[in-house]
Each structure stands twice: as structure tokens, then as C-alpha cells.
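Hi,

Here is the structure I promised to pass on. Have a look at it first, and my notes follow below.

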Amino acid sequence: MNRLTPRGAAIGIAVLVLAALPVWIGNPYYINVASQILLYAVLALALNVMVGYGGLVSLGHAGLFAMAGYAGALVLQAGHGHLLADLSAIVVAVAATAVFGLLSLRSTGIGFLMITLALGQIVWGIAYRWADLTNGDNGVNVTTRPAPFGISLASADAFYWATLLVFLLAVVTMAVFVRSPFGASLRGTRDQPRRMNALGYNVWLIRFVAFLFSGFWTGVAGLLFIYYNQFVSPQVAALQASAEALLMVISGGTATLLGPIVGAAIVVIMKNVKLFENWWILGELFTHWNMMLGVIFVAIVTFMPEGLVPGSVRLWKRGLQSVRKRPAVPAKLEERAP
Amino acid sequence: MMTQITAAQAAILAINSLALGGLLFLLSSGFSLIFGLMRIPNLMHGSFFMLGAYFGVTLLGWGTNFWLAAVLSGLAVAAIGGVIERLLLRRLEGQVLPQVLLTLGLAFIIADICLMVWTGDPYQPSAPSELRGAVTAFGMFFPLYRLAILGVAVVIAIALWIMVDWTRLGAMIRAGVDDPPIARVVGIKVSQLFTLIFSLGAALAAFAGVMGAPYLSVYPGLDFEMLPLALIVVILGGSGSLLGTLVGSFLIGVLYNFGQALFPNLAYVILFLPMVLVLVLRPQGLFGKVVP
């Protein structure tokens, strides 16, 4: 029971490495990038509950993320404490998710996607146009970070460790969720909704509860974001932000726990670290983030529909195979079968 | 929170509502055709609108006649749409998520290219000279150009209706949509038909973009502002229904203008109220057919 499995050891080492990261990196800029990766990983994990396990592609998660952020920021701006701000951010996120769910879960597939997109854009519209409440394009500042149990999170290191703690909590909750009977029934509604219905499961309710769970963690990520960034503006709710979150989930590979985390790391690093700066076209491409996002999407669907990470592995293996004299198995065998 | 308006202002708002409704119909009818007939969630429809508007700006800058510019940029965007459909979307038939990713990805690419070519400055080309004035009726002024947008939209609505319901081409489209394998058996080239519909939808969006440019102006971000409007119209009207799109467009046109005048802060929220009602009471849309 208590014997150390290779898997357990790997997880233990990963946690230790993550915890030691600030000491190892040293440079506050990169520590902040690491904090960003962790907070976006929480968002990607939450979105993956819908996309990967529920088979419901949402393009409105940035709206929920922004709702939590704005709720927290506005409560703080009104002069209340951090506890009330945090609570209201989460409550607002979950309540907004309930509204999103009631409207969007009337359909699945394209319908679900379109309705969540429209709802997300409405959140953006409120953030942008309802200037009396949200200060419009100028956004809302968050002047202080909280100090739970008297520990100030103002420094990059402290904030990283706090984010890591929340991130680990999210990963554990997700792991429990996925392995639970409820997680199994959610996958059932994804693969065989009619059979699940015939077996007596309430398909709609399962999806709704999964959406609430996803919305809760999206809210947590939104809250982490405003404390990290100390500023929230309508940009956070834009369609690009939802698309980025979806890219994180898809690039890492859906319906896995590790996939969204890797995806978040890929996307955040591509956005923040100046890669290939001196490589003319590539460097140019990386400065045009929207273009890059678009090119990656097109490349994924055209060349590696299973996701960036598994797809690259496949293409790499195929490349190796063609270098060797003869592949052991005829490469086309699978495609010929049906 | 509610702002008071006079009768004269209300009349102007009504005209603006009709003009915006007309524009939205030009935009959404293409979206509805592509979505309703081919089941492709074309998230670059707003981009077609913006690209068309920018093409129009450039053509007008060269001194092209306004209507010619609108038609030419419609044709140019139709060609781009056709190529995208043939080369990229065609491989993804029936796969919703890849189609979404592809069209969204292309929308981002188009947005960035537009930003590079036309910079971030807004453009507002002037309306054609013959339509710059206003007509006076009942002691009030009505800007002529907005009435013209409405007129053009009505003409195109009738043309589309005749095309889909009364011509051989329309019959072939309906057959290709209802049962593609049987349509192929009886000799209809479904694949070419779908490319044609996609191009037509793109052309309508681009044409709407040029028509809208003197009224809405053209700026980066216009694409993702128009896309949700088209979505809401199609959710309201029911996908694949021209009549639904027409009614939905004018409903949104009215709500947008009056909402903005009466409740300036909440204009966006008001747009979404009818969508909520429709989703709750009639999920298939006002004029949509129930898909089994």
C-alpha cells in the first residue's frame, strides 16, 4: 500500500522541482512567467473538464474568468477586505456559470459552442461598455495582494508559492473528480448520451454539475489572475482569451490531466519569452501573437488533429522511421482497414 | 438609468434600426446559409465582413465608384472564401471541433494581416455622393444613405428567397443538404455546390462590410464585434431560415439602437435578452425547424 510506485515517485519529484523553482531560477521575471503558467494551468484544467471529459467545447470561459476577476477587483475597489473579495469572486463565477449552463446546455456540439461564444462576448460587452460599473477600457486596478495568515504575497517568490499551492489543490481535485463515479458518468454522457439516458442517468444534470465545477475553478483562476496582474480590463474577457484557453487544452491533448498543464506552459512561454528573436521570420511571427495563435490552430487541424504534444511525437516518430531503412510495420496498414 | 427621448429622436432611431437591421441581414444571411445548409460554424464570418470593408476602403481610395467597390470586394472575398473551403474546410467535413479551430485560427490571421496592412487607425469612407443628403418627411430629416442600406437589403433578401425557393439551383442546394448521397446519385455536384454556397456567404458578408463602412466605420476589432451579432441573429431566427434571419436582424437592429439610446450602459445586455427568451421557449429559433 505504502510502497513507492514509479508514478508516485515521479509526481513527488515534480512537486519538489516546482517548489524549488524560484530558488533555481532567481530572476523575478521568469518566476512571474512560472506563476502565470500555473494560474493558466488551473484555467486550462477547468476548461478541460468541459472540452475533454464532457465533450462540450466552450468558447465562453474567458467570460467566466473575467467575471470572477472583475467581481474581486470591484469589491476591493469599494474598500472591502480580501476575504469578501475572494468569496464574491467565486460566488459570482459560479452563479454566472449557472446562467451560462442553463442557457447553453439546451444544446450540444455547435449549438453549445455558439451560445457560450455569444455569452462570453456579452460579458466582454458589459466590461467594455458599462463604464459606470467597470470603468470601461481603462480597467480596474487591484492595489494590494492579500496576506493570508500574515504572509505577504507581494514578492514574486511568495506569490509563486501561493499559486503553486492553489494549483496543486486544483490538480488533486481534478484527479479525484476524474476517477470518481461522477467523472465516469460525465465521460459516459460524452460518448453515449442516449445510452446514459436509457440507463436512468440525468444527462443534463451531469453536464450542468460538471459545468459548475469547471466554473468554480475558472473563477479561482480569474481571482489568481487579478492578484498576479493587479489589473483587469475588458481584454481579459475577449474571444481571443477564450481561444487561448482552448488552445492550451487542445495543444496538450484533451481528456488528460497533464495535457492542459503542458498546454498552458507552451502557450504562456510562447507569449512571454522572446523565442527565436534573431530568426527573422520566426521572430517576427512570435511578436504577432494573434497571427501565431491562428497559425497554430490551422497547423493543428491540418497536420496533427490529436493535439500538439501527441501529434509532434507521432510526426517525430514517423520522421525517424523514414530515416531508418525499413519500418517494421507497413505504415499505411491502419489507414487501409475500414 | 433610463434616458428620455423625444418623438423626433425616436424616428431617427427607428431609421437607424432599419439600416442596422438591413446590414445585419446581409451579414447573417450568409452565416445562416453556411451554418444552416452546410453545418459549418464559420467563426471567420465577422472577418469576411471586416476584410470586405477594408477592401472597400482601399478601392474607394483609388477613386472607384461606391457600388462597384462593394461588388468587387464581395467578389474578392468570395474567391478567398472559396479557396479556404476547397483547400482546408473540405478535409474536415462533419468534424465540428476542427472546423471551429480552423475558422477561428483563420479569423485571427485575417485580423492580424488587416492590422498590418491597414494599421490600427479607423477609416470612415463617405457615402456615395448621390446618397449623401436627407429626405424630409413629416417635418423630420431622414438620412438617405441609411434608407438605401435598407433598400439594398430588401432587394437581396428577395433575390435570395427566389434563388433558394424557386430556381433549379435552389432545388439542387436543398436536395444536396437534405440527402447528399442521393443528390450525388441523381447527378448533382454537391461538392461544387457547397463551395458556391460558402463563397456566396463570404461575398454577402464582404458586401455588407462595404455598405456598413460609411455608417459604422472600419477599425480593428470590428470582426469580433459583428460575429456575435450574426450569432445572435441566427440563434433568434433559427438556422437555415431566411425569414428567421430577416426577422432576427431587424429585431436586433431595433434593440441595439433603442437600447443604446434608452439604457446606454446596458445596450449589450438588452441584445441578449431575446436570445435568452428564445432559447428557453423555442430552442430551435423563431422560424427554425426541429432537427431530429
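To start with the interface: how many residues of chain B are in contact with chain A? There are 31 of them, and they meet 32 residues of chain A; in contact here is when the C-beta atoms of two residues, placed from the backbone, lie within 7 Å.

A quick word on conventions. This is a predicted model, where local features need pLDDT of at least 70 and side-chain atom pairs count only at pLDDT 80 or more, while totals for chains, interfaces and linings use all residues. Residues are numbered from 1 along each chain as its sequence is written, and chains are lettered from A and ligands numbered from 1 in the order in which they are written.

Back to that side of chain B: the elements giving it two or more residues are helices H4 (96-118), H9 (222-237) and H11 (267-281) of chain B. Helices are DSSP runs of H or I, at least four residues, numbered from the N terminus. H4(B) supplies the largest share, 13 residues.

Over in chain A, A:Ile25 is part of helix H1 (residues 6-25). A:Ile25 counts as partly exposed because it has 17 C-beta neighbours inside 10 Å (20 or more would be buried, 12 or fewer exposed, with C-beta atoms placed from the backbone). Leaving aside residues up to four places away in sequence, A:Ile25 touches A:Tyr30, A:Ile31 and A:Ala34. Between the C-alpha atoms of A:Ile25 and A:His82, which sit 57 residues apart along the chain, there are 30 Å.

Cheers
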